[in-house]
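Here are my notes on this one, as numbered points. Have the model open while you read.

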Amino acid sequence: MSNVVSTGQSQAIVKRAYRAFFSPSRYEVKSTDQAVLERGNTYWLPFEGGQVAVTTWGEGPAVLLMHGWGGARAQMTGFVDPLLSAGYRVVAYDQPGHGESDGTTTNLLKIAPTMDLIAEREGPFHAVIAHSFGTLITSYALVERNFPPPARLVYFGAFNQLLDSLPRFQVLAGLPDQVMDAFRVMLLEEFGQGVLEAITNESLTPRIDIPALMFHDAADNVTPVEDSRAIARVWKRAQLIETEGLGHRGALQSKSIHEQVIRFLGQ
């Protein structure tokens with residue numbers, strides 16, 4: 001009986017780990033973020049699973065802002081005024097399970113279709129500016145879902161491969177190897193053999209024929225700079241700029257970075 005209980009307990013732990021892995025934390029909106037959101041036009045767009053929150057600002061060629069895992073459209077608002085001043089219209093939305101959008105658990109395969117919905121409603125886009133996990137979603141949408149290609153791409157702290165985050169998740173959650181082995185089996189049952197392993201920026205970006213500007217901080221402790229270096233080596237149309245002292249999110253609020261992005265979008 002004790003073995004049966006132990007097995008049941010182990011299965012429950014694995015299920016909790018699975019839910020935790022696919023449950024993004026909620027971004028804490030700052031007052032400065034909120035002030036920018038309130039200046040825009042916000043609405044809710046239906047998707048399979050509920051509604052996503054969308055905000056738009058201004059007129060002109062559209063630029064889509066894609067936040068990362070555990071982020072929100074509020075996190076990207078530092079780009080709004082620089083883009084508006086340069087004559088662009090800005091579109092940002094909370095991905096499923098993030099910010100004000102519906103959902104608790106989500107994954108790349110659930111998020112990517114919402115990019116199609118945004119494109120249908122707000123596109124075409126002159127550019128997409130994406131952060132961290134949002135870069136992988138963008139690459140996947142462009143290659144595997146025929147998302148309408150923009151003229152320019154800007155990637156910050158690019159995330160290379162989903163499964164690379166498993167060891168860090170194991171450490172943060174304090175899970176033993178046996179649980180992680182069972183967790184990987186559950187991933188295989190849910191997504192199929194090789195599906196997640198194949199979704200990498202390093203394999204997707206060489207198939208994206210769009211000029212790209214990449215930024216990554218050398219001391220990024222969330223997504224290692226080696227991710228962007230690996231991507232830049234195979235992405236012939238990408239330029240990688242390595243920063244210092246900005247961490248994983250600081251570039252999103254950097255005036256000098258904003259200026260470089262605006263210049264790139266206008267080329």
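1. Starting with the second largest pocket: its lining splits into four nonpolar, six polar and three charged residues. Keep in mind throughout that this is a predicted model. The volume of this second largest pocket comes out at about 220 Å³. It is lined by 13 residues, and those closest to the centre are Phe47, Glu48, Gly49, Pro96 and Lys110. Helix α4 (residues 108–122) makes the largest contribution to that lining, with four residues.

2. On to the largest pocket, which has a volume of about 720 Å³. Its lining takes in 30 residues, with Trp69, Phe159, Ser165, Arg168 and Val222 closest to the centre. By class, the lining of the largest pocket has 13 nonpolar, 13 polar and four charged residues.

3. Which helix gives the most to the lining of the largest pocket? That would be α6, with three residues. Both α1 (2–21) and α6 supply at least two residues each.

4. Helix α6 (residues 166–173) also packs with helix α7 (residues 177–191): their axes come within 11 Å and cross at roughly 135°. The two helices are therefore oblique to each other, and the crossing of α6 and α7 is right-handed.

5. As for who touches whom, Leu166, Phe169 and Gln170 on the α6 side meet Asp177, Met180, Phe183, Arg184 and Leu187 of α7. Sorted by class, this contact of α6 with α7 has five nonpolar residues, one polar and two charged.

Conventions:
Residues numbered from 1 in each chain as written. Predicted model: local features only at pLDDT ≥ 70, side-chain atom pairs only at ≥ 80, totals over all residues. Heavy atoms only, no water. Axes fitted to C-alpha atoms, helices over the stretch in contact; angles between N-to-C directions. Parallel < 35°, antiparallel > 145°, perpendicular 65-115°, else oblique. Left-handed = near helix turned anticlockwise from the far one by under 90°. Contact = heavy atoms within 4.5 Å. Nonpolar A, V, L, I, M, F, W, Y, C, P; charged D, E, K, R; others polar. 1 Å grid on protein atoms, 1.4 Å probe; cavity = no way out; pocket = protein on both sides within 12 Å on 5 of 7 lines; lining within 4 Å. Points joined across faces, edges and corners; volume = space filled by probe spheres on them.
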